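Hi,

Here is the structure I promised to pass on. Have a look at it first, then read my notes below.

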Amino acid sequence: AYIKAWRSAILHCIENPTDVGSEKAFEYYPDGILVVTDGIISALGHASEILLELPNSMDIEHHPEALIIPGFIDTHIHYPQSDMIASYGEQLLDWLNHYTFPEESKFSDKEFARDVADRFLKELLRNGTTTALVFGTVHKQSVDAFFEATESLDLRMICGKVMMDRHAPDDLTDTPESSYQDSKALIETWHEKGRLHYAVTPRFAPTSTSEQLSAAGKLLTEYDNLYLHTHLSENVQECEWVQALFPESKHYLDVYDQHQLLSERSVFAHGIHLCDHEYQRLSETGSAVAFCPTSNLFLGSGLFDLSKAEFHKLNVGMGTDVGGGTSFSMFKTLNEAYKVIQLQGQNLDPIKSFYLATLGGAKALRLEHKVGNLAVGTEADFVILDKTATPLIKTRLARSKEIADTLFALMILADDRVVKATYSMGKCVHRREE
Ligand code: GUN
Ligand code: FE
């Protein structure tokens with residue numbers, strides 16, 4: 001067996017702070033040791049205790065000025081939109097037509113797609129994100145390119161081909177039948193191959209006919225453990241359009257519900273303009289919602305109501321939603337989440353923020369016990385954060401007496417400069433340039 005250990009301050013969540021209170025939701029080791037055996041976490045604890053159990057010859061990497069945390073989990077992101085981030089001046093529907101669709105057209109070229117996928121993964125890793133639920137484009141080969149790019153890094157990743165058979169340019173539309181066949185072929189090749197999973201991915205209700213949504217539902221019945229990944233109730237004009245296109249549906253979510261698309265492995269991005277019945281159905285079906293604050297502010301979509309989601313006991317994870325979102329960084333995403341909650345007269349607790357970006361994301365994706373924290377038996381995906389990365393961060397963190405305050409300062413001040421190294425299955429997949 002290959003064994004290695006890391007010594008540093010270590011922090012991870014073990015429970016949902018909304019259920020047990022913030023103090024009981026995490027474990028913090030000011031001087032901790034993490035031991036990894038063949039890619040799996042085999043011990044975690046205070047250095048004083050773990051050192052007694054380790055052989056003297058053991059290779060221990062010591063980071064006295066660091067904080068080790070689990071890899072971040074991004075529950076909603078579009079890899080093909082990496083290079084169109086920061087597109088000026090529009091809200092959702094015009095932004096899709098003016099910027100997004102022309103960009104996604106380029107992914108008919110597989111080599112182009114592979115280049116973007118490689119750079120996308122590097123960008124995730126330099127920001128400390130090790131697992132993501134990812135949109136491809138309508139092109140089958142965009143998803144082959146993505147999954148091929150993940151293979152050498154051995155990351156736990158979920159991706160799917162966009163299903164879109166109307167209200168988009170001709171070169172970006174498929175048909176109910178072709179989308180079913182292409183998705184099926186991708187599932188056969190990639191789903192549950194190593195650490196990879198497939199997500200059936202209708203873009204959103206306006207760009208699929210009822211026939212195509214039925215094809216998506218059929219796929220979900222034909223294989224185990226498939227995800228369903230789409231957008232829900234992001235923008236007011238979008239919601240009105242859905243109501244006009246599907247007059248027989250009770251509300252936006254009902255369009256998906258009528259096509260059997262709600263399940264424990266369904267992840268809906270945004271969910272801003274929801275009625276009580278929609279919250280109830282999301283809750284009853286164990287569906288998850290991705291909270292995407294940088295996107296919701298950038299596209300002027302609205303403010304996600306986290307307290308309502310919590311009241312209904314929804315599974316919530318954080319999403320960057322790049323390229324509608326403006327950063328790959330979970331720190332920057334939590335920074336804007338804090339402000340979104342402030343605008344609704346509440347405070348986003350730092351431990352809860354950290355939970356949402358790690359274990360909460362893992363639970364939303366049904367990957368707890370695999371990733372999301374550093375419990376013994378989980379996969380060794382973790383990040384070494386440098387508490388001295390910039391002069392300001394160094395002096396501000398030196399003042400912190402409690403880990404919650406350290407976390408809060410990081411989520412307000414940190415970015416990729418703080419990420420010293422990122423590990424997947426105990427192997428280094430990113431190291432910051434010094
Ligand atoms: N709704 C449908 N497609 C998209 C997309 O690409 N980005 C966002 N943010 N919302 C969408
Ligand atoms: Fe999105």
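Let's start with a definition: angles under 35 degrees count as roughly parallel, over 145 as roughly antiparallel, 65 to 115 as roughly perpendicular and the rest as oblique. This is a predicted model, where local features need pLDDT of at least 70, side-chain atom pairs count only at pLDDT 80 or more, and totals for chains, interfaces and linings use all residues. Residues are numbered from 1 along each chain as its sequence is written, while chains are lettered from A and ligands numbered from 1 in the order in which they are written.

Now the helices (DSSP runs of H or I, at least four residues; strands are runs of E, at least two; both numbered from the N terminus). The axes (lines fitted to C-alpha atoms, for helices over the stretch in contact, with angles from 0 to 180 degrees between N-to-C directions) of α7 (residues 176-190) and α8 (residues 210-222) come within 9 Å and cross at roughly 25 degrees. So α7 and α8 are roughly parallel to each other.

Most residues other than glycine have a negative phi, and most peptide bonds are trans. Asp-38, though, has a positive phi near 50 degrees and sits in the loop between β2 (26-37) and β3 (40-46). Asp-38 counts as exposed because it has 11 C-beta neighbours inside 10 Å (the cut-offs are 12 or fewer for exposed, 20 or more for buried, partly exposed in between, with C-beta atoms placed from the backbone). Finally, the Val-322 to Gly-323 peptide bond is cis, with omega near 5 degrees; Gly-323 is in the loop between β13 (315-318) and α14 (330-342).

Cheers
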